[in-house]
Amino acid sequence: MASAALLETLYTAYLIVQWVFFSSTIILFNKYILSSLHFPYPATLVLLHMLFASFCTAAARALGRVEIPPLELRQWTHQVLPVGFCFALSLALGNAAYLHISVAFVQMLKASTPVAVLLCSFAFGLETPTLQLGLFIVLISSGIATSAFNELNATTVGVALQMGAVVAEAFRLCLVNLLLTSKGLKLSSLATLYYVSPACALCLLPPWACLEGQHLVHTHFAPLRHIGAPLLLLNASVVVLLNLSTMALIKRAPALEPALEPTPATREPERQTHKRPCDPSSRRGAARPGTAVARSAAD
Amino acid sequence: MSGVFKDIGLIVWSVAVSGAVVTELQYVGYAVALAGVTGYSSYKRAQVAAKLAIKPIDTTAEERGEQEEKLGICTASALADGGSEVSRSAARSPGGT
């Protein structure tokens, strides 16, 4: 019995290591493509990720490998699309920041996310301001401000892009709560990826066409050919692998699921949540919408 | 906490491998911010735990299971960047419980 328990623990540890590996890899990989390989097209990169993720999940569903609960078009446009919009914004801005500032500085700025989430939650009435929360806000903000003002290679554009990404991410998390969770729409991680990725790609398309698409067409996609299909495919695969590893980890140990939803107050009782026609075991793995893809491109 | 460790690891990598320059004051600032982030996480944890505590007692076994799960989920509140505090996993794994 003891050895069985040990194996279980080791397996969980393996899943954690795997998740840390993929989530770190994607950050360094994106930075490498955007910065080291001089590919200044962050929206293109995110668009490719989202199209690839859409393709993979759609293929998995078509092949009958996964069951994804159906969603009405109205639900998709009113509840999923706004989340996809914020997600697209957050990923594109976050990746664009890599063109201007170092990974280290980006990670520091990202630590301010709880502040953005709290301020956003206050604005939406999802959270009541308390003295303690105010203390956390002051602590985190002052720490990040100290880091930012002492960064030697800080650029205004880089900081603005990354902070924009943080704000968009905070909005996304609040919207997940307001539009999905509190309305009883609870999708598994894979279903989230299936529905959010195309929404994200759709929202990215217009700004991509204006900012990067035109230039890429003019140069006959030379920058894309410079990076090469194999590397881009590998990069997009890491995003999907990261999502799969996140799913496996959450299913294994739900405790790892980020408790970012601003408030449990508006959440409806568990039994009223969307009943999914999947197998009962997947229930444990059911993640909050958006949590899975949250670790994709700009993570 | 492995979410935090991941972030720290990325900073170390960025400095050691990519040659990013991080000043001492930046480390101090980041440490202060992490203290706030950790505090926020435990605050959320306590908030959700309290929320579960006031639920009616006459719940069915299934509901109790869900509540436990919920509690488990929230035991490890995490950062928005996807850096979940994975350290709690041990407590939730079948080996730990």
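Here is a quick tour of a predicted model with chains A and B. Chain A has eleven helices and zero strands, and chain B has four helices and zero strands.

- Going along the sequence, chain A reads α-α-α-α-α-α-α-α-α-α-α.
- Of the 299 residues in chain A, 51% are buried.
- If you take the contacts in chain A with a separation of 6 or more, 92% of them join residues 24 or more positions apart.
- Chain B runs α-α-α-α from its N terminus.
- Chain B has 97 residues, and 42% of them count as buried.
- For chain B, residues 24 or more positions apart make up 60% of the contacts with a separation of 6 or more.

**Helix 2 of chain A**
- This helix covers residues 42-62, which is 21 residues.
- From first C-alpha to last, helix 2 of chain A reaches 30 Å, close to the 30 Å expected at 1.5 Å a residue.
- Just past the end of helix 2 of chain A, G64(A) has a positive phi of about 75°.

**The largest nonpolar core**
- The largest nonpolar core holds 95 residues.
- Those touching the most other members are V46(A), A88(A), A92(A), I140(A), A170(A), C200(A) and L204(A).
- Leaving aside residues up to four places away in sequence, A92(A) touches P42(A), A43(A), V46(A) and L204(A).

**Helices 8 and 10 of chain A**
- The axes of helix 8 of chain A and helix 10 of chain A come within 9 Å of each other and cross at roughly 150°.
- Because of that angle, helix 8 of chain A counts as roughly antiparallel to helix 10 of chain A.
- On the helix 8 side, the contact is made by S189(A), L190(A) and L193(A).
- On the helix 10 side, N243(A), T246(A), M247(A) and I250(A) make the contact.

**A loop residue to look at: Y98(A)**
- You'll find Y98(A) in the loop between helix 3 and helix 4 (103-110) of chain A.
- Is Y98(A) buried or exposed? Y98(A) is buried, because 25 other C-beta atoms lie within 10 Å and the cut-off for buried is 20 or more.
- Not counting residues up to four places away in sequence, Y98(A) touches N30(A), K31(A), L34(A), S35(A) and V106(A).
- Y98(A) and P42(A) are 56 residues apart along the chain, and their C-alpha atoms are separated by 8.7 Å.

- The mean pLDDT of chain A is 84, with 84% of its residues at 70 or more.
- Confidence in chain A is highest in helix 6 (residues 131-149), at a mean of 95, and lowest in helix 11 (residues 282-285), at 41.
- Over residues 257-299 of chain A the pLDDT is below 50, and this stretch has 130 contacts in the model beyond near neighbours in sequence.

Notes:
Residues numbered from 1 in each chain as written. Chains lettered and ligands numbered in written order. Predicted model: local features only at pLDDT ≥ 70, side-chain atom pairs only at ≥ 80, totals over all residues. Core = buried A, V, L, I, M, F, W, Y, C linked by C-beta atoms within 7 Å. Buried ≥ 20, exposed ≤ 12 C-beta atoms within 10 Å, placed from the backbone. Contact = placed C-beta atoms within 7 Å. Helix = DSSP H or I, 4+ residues; strand = E, 2+ residues; numbered from the N terminus. Expected span 1.5 Å × (residues − 1). pLDDT = per-residue confidence, 0-100. Axes fitted to C-alpha atoms, helices over the stretch in contact; angles between N-to-C directions. Parallel < 35°, antiparallel > 145°, perpendicular 65-115°, else oblique.
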